[in-house]
Amino acid sequence: MKKPLLGVAAALAQTVLVLGLLLWVRPLAAVNALIDRAFRVPGKASKLVPTRRNPDLHETSFGDNPLASFRHLAATWAKHPGAKRVVFAGNSQLQFVTLADDEPWTDQPEPTAVDWVAERYAASGRPVVCYRLSAGALSYTEALWSLLYLVNHPEVKPDALVLQANYQGFWNSGLRSGMLTLLDDPAFAAAAAHLAQPGSSLFAEAFEQAIQKHAAEQDRRTKGPGPAAAGTTLPAGHHLETRLREALDANFPLFRQRGEHKVDLLNTLYRGRIYLLGLRASSARSISGPRLDRSRASLEAIAAVCRANGVRMMIYDAPLNPRVSLFKTAADRSGYVDYLARFSRERQVPLFDLSAIVPERFWGRLLDGPEPLHLSRAGHKQLASVLFEKLGEQGF
Amino acid sequence: MEFNSYSYLLALFPAIAIFWALPVPARRWYVLALSLAFYASWGVELVWLPLAICGGVFWCARRLAAEPDHERRWLWGGIAFVLGVLGYFKYRGFALDNLVGLLARFGHAQPATAVSFALPLGISFYSFEAISFLIDTRQGRVKNPRFWDLALFVLYWPHLVAGPIVRVRELVPQLTFSKKFDLQVFATGLDRLLWGLVQKNVLSNSLGGWVDEGFLPRSAHLNTTIDNWAMAVAFGLQIYFDFASYSNMAIGTARLMGVTLPENFRHPYHAASPPDFWARWHMTLSRWIRDYLFFPLNARYQAAPGALYASLLGIMALAGLWHGAGWGFIVWGLLHGLWLVLYRIWESWAERRPGWKNAVWAGVLWRVLTLAMVVTAWVPFRASSADQVLAMLGSMYINWNFSVSYPVNFFLITAMVTVYAALEPLLAGWTERLLPPASSHILVRPLAWAACLFLFLAFDERGAKFIYFQF
């Protein structure tokens, strides 16, 4: 008996050791570097650099836990009574910086456009506070979802919403699971339920699904597996799991960073997509079907919510790299441009065409070619400068 | 406490160490206590339910054995008791909704009064096991039943909430836990457990978000032909890897205690025909249906093909209903029944034409048809309304539109998981050669275990549920 048990102990110890090593060395990141070298990716490519994270100015969870961010924002804005509040919403173009070839690295996290706008306001002495609400591939449904929270809480209700529009944004859809945390707030839950009336719109069913998913999770947490348990306390298994995760997160940095390995693996697959299949992030595409319709319906709803709550909505056509065309056909381009123009006209929402404000030299490179989305340091400055000017024209 | 939770995994190893340290007679009580604690971790309130089912069934089994003249009465009484409990918890709302709908059609509209229940976890699984205990007792396969044998048989935690659905004679003799510790069995148990974690977190969960979106009712009306086929395939893969992962973890956990549970899946998407699919998919449910429904019914109607076909349709509709209280599940079962009937008709027709029966093209055609049929049937299983089913199937088969509405990543991930499913038997063979049981104590096995844990941790997503928990 003793010998086999020793064998088990030895095998388990080896497993833990190897696992620790795998978590520590980030093998997939090394694989990615090797792939890049094998495909002769220029050393300067992908200079995606760290950017500032300031919870007073940014939704720092990037959609993973906006409730905590918005509660922090309430405390921040409480310190600026009487200031006009401007929220900038958009995808990762607002939150990442890809340095252009001639831009040097620095040790400091880079500011982004909203940081520059906030600094311009601070320097001008105009009483305006800014907030960046961004997440990778933020969908318009998610922008609407977040806006609903803001307008239903006077302490974080903005005076203006500056919404980024870009062609790729209409390809994004749905609500990421972290966004569901907002349903823990009763005022928001009621507002979301009101908009989620069945059959009312394409985004409504995404709302409805999110609400049902959250309710099922709450039910499971609070009621256990059957009706007899209704209204009772959380089941022991849930408590145990929560405490254990918290303890592991708090005490084991390697455990805390476990999600980074998924990012590494997805990056490996992304490289496979680019190098083997030639499918690039900058590949031109046509957008149609439920995602396009849901995005448009969400955009219309954002305008309606802003109007109903006295929030000044503005929309800008986001900067595009002149070397990249994301539109597969001329009809795709005209369809997109025409839609924005019609939306602006019918909803009386000011539209700023900023698609060409960042010149070619201000764009960096992604590993597969020209950077199709993220602005360089100079690009962010340029965007901030134009946004500041346009906001001024609108009375902010 | 799900199998893929940290609390389960970290509690499991000390629990198993204590199990092996205990004297043999104490192990069954220890496992019973752990099983009750496992069920109670979802809420202590309904622990009485499986115990009550065991109590009712045991009483009927005892009466059945004591009163041979009235054994039919006690058998059917016991079955009615179990089905009554199952019906009350699982089908009451569905039945009342349909009744109210029917009354409304005839102008007798009434407010629905059904209280909606959260389904007691695993009730469909342990109800069927309890019924099999009764039938086996009547058929003499269970002698001198003891209550705690039955309780441990039903409550044994590895199979308690989502199977595999076990038989009395294959599990009860093992629940004495008298086997000696075997390192090779332990190592293969760990293989299954850890591979199950990877299947769940990496393969199944990667498709779940896309499937949720693609099956949104209004989206489904806008999806193109390619979108809908891809969504149906993606759901078929998601549910397969989800359930297979659970079964692997159940089988693996049991093996850590030296107990062998039956297999539940054998590469189902490689099926050569509809009956072959059911010999590979949820195998323990298939054999339960075969042994306790199909064989007894067809022993009665052996000579009449019409009766055979009707029984196939009826039984498969019941199998659908077992999965959930909804018309979509019934339609899913009926579609599978229909494929089985069509295959039977083909078989009896080809029986007289050996050239056709053994033709290569016929084999290939049935493989392709089986796959298409299975994928098609997933649509009503996953969709939320008849309207949605018609829209999706209409687009898949009639209103063709070959554009796509989802990002390339969705199609790539679905394609990758499909390729994995296609190569699965081959990869399983290679893995077996690479990791023979004898290598459990050398470096290669811990390497594989660490790789599995690494992927499990990287793809960790709290809140990702097992689909079969809702059944």
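For the packing of helices, axes are lines fitted to C-alpha atoms over the stretch in contact, and angles run from 0 to 180 degrees between N-to-C directions. The model discussed here is a predicted one.

**Helix pairs in chain B**

Helix α3 (residues 48–66) of chain B packs against helix α4 (residues 71–105) of chain B at an angle of about 170°, and their axes are 8 Å apart. Because angles over 145 degrees count as roughly antiparallel, α3(B) is described as roughly antiparallel to α4(B). On the α3(B) side the contact is made by B:Ile53, B:Gly56, B:Val57, B:Cys60, B:Ala61, B:Arg63 and B:Leu64, while α4(B) contributes B:Glu71, B:Trp74, B:Leu75, B:Gly77, B:Gly78, B:Phe81, B:Val82 and B:Val85. Sorted by class, the residues of this contact between α3(B) and α4(B) comprise 10 nonpolar, three polar and two charged.

A second pair is formed by helix α17 (residues 360–382) of chain B and helix α18 (residues 386–397) of chain B, whose axes come within 8 Å and cross at roughly 155°. That angle makes α17(B) roughly antiparallel to α18(B), and the crossing of α17(B) and α18(B) is right-handed. Here B:Thr376, B:Val379 and B:Pro380 of α17(B) meet B:Val389, B:Met392 and B:Leu393 of α18(B). The contact of α17(B) with α18(B) has five nonpolar residues and one polar residue, with no charged residues.

**Helix α5 of chain B**

Helix α5 (residues 123–138) of chain B has 16 residues, which at 1.5 Å a residue should span 22 Å, and the 23 Å between its end C-alpha atoms agrees with that expectation. Most of α5(B) is covered, with 15 of its 16 residues buried. After α5(B) comes B:Gly140, whose phi is positive, near 80°.

**The contact between chains A and B**

Across the contact between the two chains, 49 residues of chain B are in contact with 49 residues of chain A. On the side of chain B that touches chain A, at least two residues each are supplied by α1 (6–21), α9 (183–214), α10 (217–222), α19 (408–434) and α20 (444–458) of chain B. The most is given by α20(B), with nine residues. By class, the residues of the side of chain B that touches chain A are 30 nonpolar, 12 polar and seven charged.

**Loop residues**

Is A:Asp102 buried or exposed? A:Asp102, which sits in the loop between β3 (97–98) and α4 (113–124) of chain A, is exposed, because 11 other C-beta atoms lie within 10 Å. The C-alpha atoms of A:Asp102 and A:Ser286 are separated by 33 Å, and these two residues are 184 residues apart along the chain.

Notes:
Residues numbered from 1 in each chain as written. Chains lettered and ligands numbered in written order. Predicted model: local features only at pLDDT ≥ 70, side-chain atom pairs only at ≥ 80, totals over all residues. Helix = DSSP H or I, 4+ residues; strand = E, 2+ residues; numbered from the N terminus. Parallel < 35°, antiparallel > 145°, perpendicular 65-115°, else oblique. Left-handed = near helix turned anticlockwise from the far one by under 90°. Contact = placed C-beta atoms within 7 Å. Nonpolar A, V, L, I, M, F, W, Y, C, P; charged D, E, K, R; others polar. Expected span 1.5 Å × (residues − 1). Buried ≥ 20, exposed ≤ 12 C-beta atoms within 10 Å, placed from the backbone.
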